[in-house]
Amino acid sequence: MKKTLLYMALFVMSLNAHAQVGIETPTPQSTLHVNGSLQVVKDLNVGGNAKTRGNSGNRGEVLMSNGAGTAPTWGTIESQNFLKVVFVGNKTDTNPSSGSYTGTGSNPVSTHESYAKSYVYNVSNKVDNTYLKYNSTTGVFTVVKPGYYNIVPYITYDLSLNGNGYTAGTAKSSIQKVSPATETLASISTGHGERTLAVNHNLSSITYFNKDDTFRVRCVYTQNFRLSAGNIHISYLTP
């Protein structure tokens, strides 16, 4: 009799080992089906097997599905064909510190690169030197890792020192490749009337760069001008 009861118990345990378990549901649809909230105090381990502990991931990673029948994995958003932000900079000062840069006068700004000035970001909030290097003196970026870069600067011209009759004109801002050859990647040109005291420009460029290519942001105005507060963010398009 005892042997019979033992066999029956083992049989029931075997059935339960392969059955679906439902919590707050009489019809479980998976091995474990929870109809309610789930609280995880410590690790959430995925993958592994009967003899191997699953992976709990690293700080900042997110859980990504690999489809039905396959364990999910931990990974970064940036690794999934997204933009990786590699540089964030701000310009909090005004250049030149005294006086103004000389404008092109009556000549069109499009033909006078010699009057253009580099927009220099004096504050580097984030620099990933495995992708880019930045010279805060010249305003030139040097590419370390080849690939596509999304460059988005915001630029401000200050004309407040200009007297009456000396503010109307045309402003041109450009994202410019410096080497291996000078090339305008994106530009914006706007006309402004008399007593314009400030000009704001937004522009962007997505461009493929090789290692050691360089680029910068350039600005020029028909009247004398200064360059004031602005910002830039540059992202790498992960392959």
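How many bridges join β5 to strand β7, residues 123–127? Four, and the two strands run antiparallel. Strands here are DSSP runs of E of at least two residues, numbered from the N terminus, and two strands pair if DSSP finds at least two bridges between them.

Before I go on, a word on the model. This is a predicted model, where local features need pLDDT of at least 70 and side-chain atom pairs count only at pLDDT 80 or more, while totals for chains, interfaces and linings use all residues. Residues are numbered from 1 along each chain as its sequence is written, and side-chain values use heavy atoms, with hydrogens and water left out.

Back to β5. Asn90 has Val123 as its bridge partner in β7. Strand β5, residues 83–91, is also joined to strand β16, residues 226–237, by eight bridges, and that pair runs antiparallel. Val85 is paired there with Ser235 of β16.

Next, the charged side chains. The structure holds nine salt bridges, a salt bridge being a side-chain nitrogen of Lys or Arg within 4 Å of a carboxyl oxygen of Asp or Glu. I will go through three of them.

One is between Asp128 and Lys84, at 3.7 Å, N to O. This pair links distant parts of the chain: Lys84 sits in strand β5, Asp128 in the loop between β7 and β8 (132–135), and they are 44 residues apart. Both residues are buried; the word means under 20% relative accessible area, with exposed over 50% and partly exposed in between, using a 1.4 Å probe and protein chains only.

Another is Lys91 with Asp93, at 3.0 Å, N to O. Are these two buried or partly exposed? Lys91 counts as buried because its relative accessible area is 3%, whereas Asp93 is partly exposed because its value is 28%.

Then there is Asp158 with Arg226, at 2.8 Å, N to O. Asp158 is in strand β10, residues 147–158, and Arg226 is in strand β16, so that distant parts of the chain, 68 residues apart, are linked. Asp158 and Arg226 are both buried.

Arg218 lies in strand β15, residues 214–221, and is classed as buried because its relative accessibility is 12%. What does its side chain meet in polar contacts? The side chain of Glu113, at 2.6 Å, and the side chain of Ser118, at 2.9 Å. A polar contact is a pair of N or O atoms within 3.5 Å; within protein, one must be able to donate a hydrogen and the other to accept it, and residues adjacent in sequence count only if both atoms are side-chain atoms. Leaving aside residues up to four places away in sequence, Arg218 also touches others, including Lys172, Ser173 and Gln176, contact meaning heavy atoms within 4.5 Å.

Last, the surface. Val21, Ile23, Leu32 and Val34 make a nonpolar surface patch of about 320 Å². Strands β1 (21–23) and β2 (32–34) are the elements that give two or more residues to this patch. Patches are made of residues with over 30% relative accessible area and no salt bridge; like charges are joined within 9 Å, and nonpolar side chains (Val, Leu, Ile, Met, Phe, Trp, Tyr) within 5 Å. Areas come from the Shrake-Rupley method with a 1.4 Å probe, and for residues only the protein chains shown count as cover. Ile23, in strand β1, is partly exposed because its relative accessible area is 40%.
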